[in-house]
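Take a look at the sequence and the model below. Then read on for a short tour.

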Amino acid sequence: MLKILLADNQAIFRAGIAKVLAVEDDLRVVAQAGTLEQMMMAIDKFRASVLIFSASFVPDLSALVQAATRCKTGLIVIAENGENSARYLNGGVRGVVYRNVSGDMLVDCVRRVARGDRFTQETKPAAATPESDDFVGARVRDRLTPKELRIVALIVQGYKNKEIAVQLGTTEQVIKNYLRNVYDKIGVSDRLELALFTIHHHILAEAAAATTEGRMLQ
């Protein structure tokens, strides 16, 4: 059984990852941390096989690597989209994934890092991967408008309705209206289910992530 620590300040994203990993019989999330301090304490206390942590939690990467090495814990960083992975790999991190990582890819990364291997998520989907491999994700992506995809991306990143409204220059009620439409189109009932669905379906995750590059609500 591989023990896993999750450290990210976005609670809904943490919960989504935990649900994805919980499906696997050989993986067990033993603790979650929402701050840097909690993360460092959890490393020493639980001595897990793997720590999955947010890039925002590493003001001092060398200190984290030293603590993880002492506890024989492999490190996987959740980097921000577009961030260069070289800094982390050269600094001693074994795995680099981004917030649009699919569930299957994350599980593969965890297992590889636990074995002592390295893993880096490609920043773009491989051209050889047929869209039909994720028919459901592609179908949902095509049903959502660019405005709705933008909101999905922010939901997965852990933003609340009020924060999304501020970012997109609209009202909280407008965001709630959009969310109701999104839930109906995808067939989910709440934000966590939406985050889980997006994480599971790579094509939808890619489309949602792309909308963060300058697209705004009109």
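## Thr-73 and its surroundings

Start with Thr-73. Leaving aside neighbours within four places in sequence, Thr-73 is in contact with Arg-47, Ala-48, Ser-49, Val-50, Leu-51 and Ala-68. Contact here means heavy atoms within 4.5 Å. Thr-73 is found in the loop between helix H3 (61-70) and strand S4 (74-79). Helices (H or I, at least four residues) and strands (E, at least two) are DSSP runs, numbered from the N terminus. Thr-73 counts as buried because its relative accessibility is 7%. Buried means under 20% relative accessible area, exposed over 50%, and partly exposed in between (1.4 Å probe, protein chains only).

This is a predicted model: local features need pLDDT of at least 70, side-chain atom pairs count only at pLDDT 80 or more, and totals for chains, interfaces and linings use all residues. Residues are numbered from 1 along each chain as its sequence is written, and side-chain values use heavy atoms, with hydrogens and water left out.

Most residues other than glycine have a negative phi. Which value does the phi of Lys-72 take? It is near 55°, a positive value in a residue other than glycine. Lys-72 lies in the loop between H3 and S4. At 73% relative accessibility, Lys-72 counts as exposed.

Arg-47 is not a glycine, yet it has a positive phi of about 45°. Arg-47 is found in the loop between H2 and S3. With a relative accessible area of 45%, Arg-47 is partly exposed.

## Helix H2

Helix H2 covers residues 36-46, and Met-39, Ala-42 and Ile-43 are buried in it. They cover an arc of only 105° around the axis, so they sit on the same side of H2. The arc is that of the directions from the helix axis to the C-beta atoms. What covers these buried residues includes strand S1 (2-7), strand S2 (27-33), strand S3 (50-54) and H3.

The face turned away from the buried side carries the exposed residues Glu-37, Met-41 and Lys-45.

## Phe-13

Phe-13 has its place in helix H1 (residues 11-22). Is Phe-13 buried or exposed? It is buried, with a relative accessible area of 2%. Leaving aside neighbours within four places in sequence, Phe-13 is in contact with Asp-8, Ile-78, Arg-99, Val-156 and Ile-199. Phe-13 and Gly-158 are 145 residues apart in sequence, but 6.1 Å apart in space, C-alpha to C-alpha.

## Two domains

The protein is divided into domain 1 (2-120) and domain 2 (135-213). These bounds come from an automatic or database domain assignment. The C-alpha centres of the two domains lie 25 Å apart. Their contact takes 14 residues from domain 1 and 14 residues from domain 2.

## Helix H6

In helix H6 (residues 135-143), the residues Gly-137, Ala-138, Val-140 and Arg-141 are buried. Seen down the axis of H6, they fall within an arc of 165°, so they line one face of the helix. Phe-135 and Asp-142, on the other side of H6, are exposed. The cover over the buried residues of H6 includes helix H7 (146-156), helix H9 (172-186), helix H10 (191-200) and helix H11 (202-210).
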